Amino acid sequence: MSDEHRMSRMEAMMWNVESDPWLDPNGGSVTIYDRPLDVDRFRRSLARAVADVPRLRQRVVPGLGGLSTPRWVPDHEFDLYWHVRNIGAPGDGSLRGLLDYFTPWLQDPYDRTRPLWMYVVVDGMADGQGALLTKIHHTVGDGESLVKMALAYTETERDVALAPDVDLDAIIDAEPEEDVGIVSTARDALEQGVKAPADLARRALKAATRPKGLGEVGSDAVDLLKTANEQLHPAGSELWRNRSRRRHAEALSLPFDDVRAAAHALGGTINDFFLTGAVEAARRYHLELGVEPKRFHVTFVVSTHTETDDSPNAFSPVPVELPAGPMSLAQRFETVRSHVGLKRSEVHGGGPLASMAAVANLLPTPMVTGLARDQAGHIDFATSNLPGFVGDTFVAGAKTLHSYPFGPVAGTPFNLTMLSMAGVLDLGVNIDPAAVTEPELLASCLVAAYADLLAAT
């Protein structure tokens with residue numbers, strides 16, 4: 001069986017840890033348009049994406065324990081109408097009402113007998129606007145891949161001629177039925193084998209017992225040990241010790257050109273600006289609640305996509321410890337820029353997460369989720385910066401105004417994710433309110449911190 005029909009080791013780990021709702025690795029988005037989407041037109045456009053991206057029309061067959069990763073097989077009962085739904089605006093039609101609906105919907109478990117994604121078209125928003133809610137399982141693709149998938153239904157003009165309809169039924173009917181029985185699954189496990197992860201575990205043990213021989217064991221084994229050690233640093237926040245499966249969403253936007261100019265004036269990038277504002281906001285949140293923070297243990301995501309790697313998941317969260325004491329905004333920007341730049345330069349290949357996944361999949365799932373909970377408990381917050389679209393975009397006749405991305409909390413206090421759109425940077429904050437007990441305060445601290453960063457230049 002070709003690798004394209006199997007989950008990668010990293011995808012398999014995300015599939016397995018999902019059994020613990022604390023560690024749900026999935027994300028979604030809330031996009032606002034100037035008017036409601038034409039639902040029929042949207043479905044026709046989305047059908048092209050389903051035709052172009054096999055995982056959108058495939059379901060998952062579990063592997064045999066840790067001996068093989070799950071397989072993707074055609075869903076011969078695929079129903080586009082099940083995956084794309086249409087509702088009236090929840091609550092009072094405001095963004096707040098939409099976020100309150102979106103949060104529990106994002107947490108609803110996937111039907112694992114179907115392809116792992118769902119869209120909801122929302123009509124009747126305030127001021128005549130429309131909205132689109134999306135959720136896609138992380139095994140289908142990472143944030144960068146999902147933005148690329150959206151190209152299939154995103155236009156640069158409001159009224160464009162529709163492409164010819166795609167006959168999804170014919171495409172799916174032409175795909176052969178897969179043998180998903182126990183014999184086939186066992187044969188796949190033998191075919192895939194455990195040589196690579198077992199070899200990695202052996203080399204990691206050698207690195208741990210013979211530190212002087214690190215150069216002999218390979219960079220991925222060293223990554224495994226280094227990442228495990230860094231993730232076990234105690235979290236910096238005294239306020240964010242508790243964790244739960246509850247969620248609360250907040251959203252905000254920043255002017256793209258102003259942020260880019262400010263980041264350049266400060267000597268860094270938009271991502272440096274984004275992370276500096278997050279650290280400054282976290283500090284202000286703590287001061288408002290009477291706590292002086294010293295440092296924050298943060299993760300940021302590095303894309304490991306290459307020109308020759310078309311894997312739908314090629315990323316690695318990288319931990320970095322950032323000082324949180326008093327300093328000027330310019331000093332904080334430079335501190336974040338230098339610390340993050342150094343950590344980014346250390347990432348190579350598939351990154352440390354891929355190395356960890358190879359070993360984790362050999363362990364019993366309860367042990368893996370327990371270890372993952374423990375590691376997440378040492379992180380103060382997670383961040384991710386996604387590439388977006390340049391210029392105005394339209395979907396099914398509606399102009400995109402904002403697209404707020406929401407990355408997985410996965411056992412951390414909150415995840416702050418940014419997506420660039422036409423003239424704006426949209427930020428989604430996915431919060432565990434057991435950790436961040438005043439989520440609205442955190443949102444206001446983010447708004448104030450970014451405003452002050454813009455004013456500092």
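How are α12 and α16 oriented relative to each other? Their axes cross at roughly 130°, so the two helices are oblique to each other. This is a predicted model, and the protein in it has 16 helices and 14 strands.

**The protein as a whole**

- Of the 457 residues in the protein, 54% are buried.
- The accessible surface comes to about 19,300 Å², and carbon and sulfur atoms account for 55% of that surface.
- If you take contacts between residues at least 6 apart in sequence, 78% of them join residues at least 24 apart.

**Helix α12 with α16**

- Two packed helices are described by the angle and the distance between their axes.
- For α12 and α16 (residues 439-455), the axes come within 8 Å, and α12 passes α16 in a right-handed crossing.
- On the α12 side, the contact is made by F273, F274, T276, G277, A278, E280, A281, R284, Y285 and E288.
- On the α16 side, the contributors are L441, L442, C445, L446, A448, A449, Y450, D452, L453 and L454.
- Sorted by class, this contact has 14 nonpolar, two polar and four charged residues.

**Helix α12 with α13**

- Helix α12 (residues 270-288) also meets helix α13 (residues 329-345), with axes that come within 9 Å and cross at roughly 120°.
- An angle from 65 to 115 degrees would count as roughly perpendicular, and α12 and α13 are therefore oblique to each other.
- The crossing of α12 past α13 is right-handed.
- From α12, the contact uses N271, D272, F273, L275, T276, V279, E280, R283 and R284.
- From α13, it uses L329, R332, F333, V336, R337, V340 and R344.
- By class, the contact between α12 and α13 has seven nonpolar, two polar and seven charged residues.

**Loop residues with positive phi**

- Most residues other than glycine have a negative phi, which makes the next two residues worth a look.
- D127 is not a glycine, yet its phi is positive, at about 65°.
- You will find D127 in the loop between β5 (117-123) and β6 (130-136), where its relative accessibility of 75% makes it count as exposed.
- A410, another residue other than glycine, has a positive phi near 50°.
- A410 sits in the loop between β12 (398-406) and β13 (414-420), and with a relative accessible area of 27% it is partly exposed.

Notes
Residues numbered from 1 in each chain as written. Predicted model: local features only at pLDDT ≥ 70, side-chain atom pairs only at ≥ 80, totals over all residues. Heavy atoms only, no water. Axes fitted to C-alpha atoms, helices over the stretch in contact; angles between N-to-C directions. Helix = DSSP H or I, 4+ residues; strand = E, 2+ residues; numbered from the N terminus. Parallel < 35°, antiparallel > 145°, perpendicular 65-115°, else oblique. Left-handed = near helix turned anticlockwise from the far one by under 90°. Contact = heavy atoms within 4.5 Å. Nonpolar A, V, L, I, M, F, W, Y, C, P; charged D, E, K, R; others polar. Buried < 20%, exposed > 50% of the residue type's maximum accessible area, 1.4 Å probe, protein only. Areas by Shrake-Rupley, 256 points an atom, 1.4 Å probe, with all protein chains shown as cover.
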